[in-house]
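Please read them with the structure open.

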Amino acid sequence: MRDHNTSKATHYPGKSRHVSPGFYQLNTDAALSSDQGKLGYGAIIKDWSGRVVAGLFIPATSNFQHLMAEALTLRASLVWCHHIKIPLAFIETDSRILVDRICG
């Protein structure tokens, strides 16, 4: 059984993972419109059966680079999960560069 205080960050979009009952998977993504100066933070939470149980979208204005937008999206999503007390087993993002920077 996975320790509830540890989560694994991955970059394997679309690949299914086994999540133990009572734990969840967080998927995050950022959407940028540089010419309009707009940013959208997005996240969904899936339960152990793969069912989407919650979603989050936060519109914002900014001129961030893509990596910073992905990092801010991940941060906002983790804060959200912390506040609603979601025990995460996996965190997935489509930004391999972000995962590499976080995991070293």
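1. Basis. The model is predicted; local features need pLDDT of at least 70, side-chain atom pairs count only at pLDDT 80 or more, and totals for chains, interfaces and linings use all residues. Residues are numbered from 1 along each chain as its sequence is written, and side-chain values use heavy atoms, with hydrogens and water left out.

2. Fold. The chain has five strands and two helices. Their order along the sequence is β-β-β-β-α-β-α. Helices (H or I, at least four residues) and strands (E, at least two) are DSSP runs, numbered from the N terminus.

3. Burial and surface. The chain has 104 residues, and 35% of them count as buried. Buried means under 20% relative accessible area, exposed means over 50%, and partly exposed lies in between (1.4 Å probe, protein chains only).

4. Contacts. Take the contacts in the chain with a separation of 6 or more: 62% of them join residues 24 or more positions apart. Contact means heavy atoms within 4.5 Å.

5. Core. Which residues make up the largest nonpolar core? There are 10: Y24, L26, A43, I45, L74, W80, C81, L88, I91 and L98. Strand 2, strand 3, helix 1 (66-83) and strand 5 (88-93) each give two or more residues to this core. Helix 1 supplies the largest share, three residues. A nonpolar core is a set of buried Ala, Val, Leu, Ile, Met, Phe, Trp, Tyr and Cys residues joined through side-chain atoms within 4.5 Å.

6. Ring pair. The structure holds one aromatic pair. The partners are Y24 and W48, with ring centres 5.5 Å apart and planes at 65°, so the pair is edge-to-face. Rings of Phe, Tyr and Trp (its six-membered ring) pair if their centres lie within 6.5 Å; planes under 30 degrees apart count as stacked, over 60 as edge-to-face and the rest as tilted. Y24 sits in strand 2 (residues 24-33), while W48 sits in the loop between strand 3 (38-46) and strand 4 (52-61), so the pair ties together parts 24 residues apart in sequence. Y24 is buried at 16% relative accessibility. W48 is partly exposed at 39%.

7. Salt bridges. How many salt bridges does a search of the whole structure find? It finds two. A salt bridge is a side-chain nitrogen of Lys or Arg within 4 Å of a carboxyl oxygen of Asp or Glu. D47 and R51 form one of them, at 3.0 Å from N to O. D47 is buried, at 4% relative accessibility, whereas R51 is exposed, at 54%. R96 and D100 also form a salt bridge, with their closest N and O atoms 3.9 Å apart. Both lie in helix 2 (residues 96-103), four residues apart, about one turn of the helix. R96 is partly exposed at 45%, and D100 is partly exposed at 42%.

8. Leaving aside neighbours within four places in sequence, L98 contacts L67, E70, A71, L74 and T93. V99 also lies in helix 2. V99 is buried, with a relative accessible area of 9%.
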